[in-house]
Amino acid sequence: MRHLPQHKPVLAGMAYNGISGAGLRLEALPEGHLLHVLGAIEPTALATELVKAGFAKSSIQAGFRQWFVAGDEPLVPASLDALVAALAGKASVMDQSHGRVRIGVSGRSSRALLSRGTAVDLDPSVFPEGHSAMTMVGHLSVQIVRTGDDSFELTVLRSFAESLWDDLVHMAASAEKDSV
């Protein structure tokens, strides 16, 4: 019997509940799937094709004619094949599932925490739910998506996930210390 390497999530078991009273939570999100879609397709048409191919989550705009499609479930090859076929001639689909990691940041202090590391204005009037931005958090390139009132999803290259996690925990500890 041949033993193949097993996938191990880079942030397996990581969770951080900090800044007592202010409700801050960092969470390593499941390493399900992450697709990068590039092309001249309207967002509504893309959403329709995603549903037909069996992808539950909607797409997040990641730039001009670029979208990320993320989900907690592992990638189903038949769904990917169906999406690629449906988008042929309109957009390209690249599987980024093994190359990027998602981190959830939530709680009343989430915006204050993230503002310690990025110059993006995260005020809800400027950066509403569903909005995303490619930015730097410290020295790392990160995609930030607002997923709720006080919740964000950060996507980072897999090899930098632990570094981003450590930076976020350090910024949270620093923020808690400053508030005392």
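Helices (H or I, at least four residues) and strands (E, at least two) are DSSP runs, numbered from the N terminus. The model is predicted: local features need pLDDT of at least 70, side-chain atom pairs count only at pLDDT 80 or more, and totals for chains, interfaces and linings use all residues. Residues are numbered from 1 along each chain as its sequence is written, and side-chain values use heavy atoms, with hydrogens and water left out.

**View 1. The order of elements in the chain.** Starting at the N terminus, the elements follow the order β-β-β-α-β-β-α-β-β-α-β-β-β-α. The chain has 4 helices and 10 strands. Of its 180 residues, 41% are buried; buried means under 20% relative accessible area, exposed over 50%, and partly exposed in between, with a 1.4 Å probe and protein chains only. Contact means heavy atoms within 4.5 Å. Among contacts between residues at least 6 apart in sequence, 66% join residues at least 24 apart.

View 2. Leu 46, Glu 49 and Leu 50 are the buried residues of α1. Seen down the axis, these residues fall within an arc of 105°, so they line one face of the helix; the arc is that of the directions from the helix axis to the C-beta atoms. They pack against β3, β4 (59-63), β5 (66-71) and α2. On the face turned away from the buried side are the exposed residues Thr 44, Val 51 and Lys 52. Just after α1, Gly 54 has a positive phi of about 95°.

View 3. The buried residues here include Ser 79, Leu 80, Leu 83 and Leu 87. They lie on the same side of α2 because they cover an arc of only 100° around the axis. Their cover includes β3 (33-39), α1 and β6 (91-95). Pro 77, Ala 78, Asp 81 and Ala 85 are exposed on the face turned away from the buried side.

**View 4. Where α1 and α2 meet.** The axes of α1 (residues 43-52) and α2 (residues 77-87) come within 9 Å and cross at roughly 145°. Axes are lines fitted to C-alpha atoms, for helices over the stretch in contact, and angles run from 0 to 180 degrees between N-to-C directions. The crossing is right-handed: a crossing is left-handed if the near helix is turned anticlockwise from the far one by less than a right angle, and right-handed if clockwise. Leu 46, Glu 49 and Leu 50 of α1 meet Leu 83, Ala 86 and Leu 87 of α2.

**View 5. Two residues of strand β10.** Glu 153 lies in β10 (residues 151-157) and is buried, with a relative accessible area of 10%. Thr 155 is also in β10, and counts as buried at 6% relative accessibility. Leaving aside neighbours within four places in sequence, Thr 155 is in contact with Leu 34, Arg 100, Val 101, Arg 102, Ser 141, Val 142 and Gln 143.

**View 6. Met 94 in strand β6.** Met 94 is found in β6 and is partly exposed, at 31% relative accessibility. Not counting residues up to four places away in sequence, Met 94 touches Leu 34, Leu 35, His 36 and Leu 38. The C-alpha atoms of Met 94 and Phe 68 are separated by 9.7 Å, with the two residues 26 apart along the chain.
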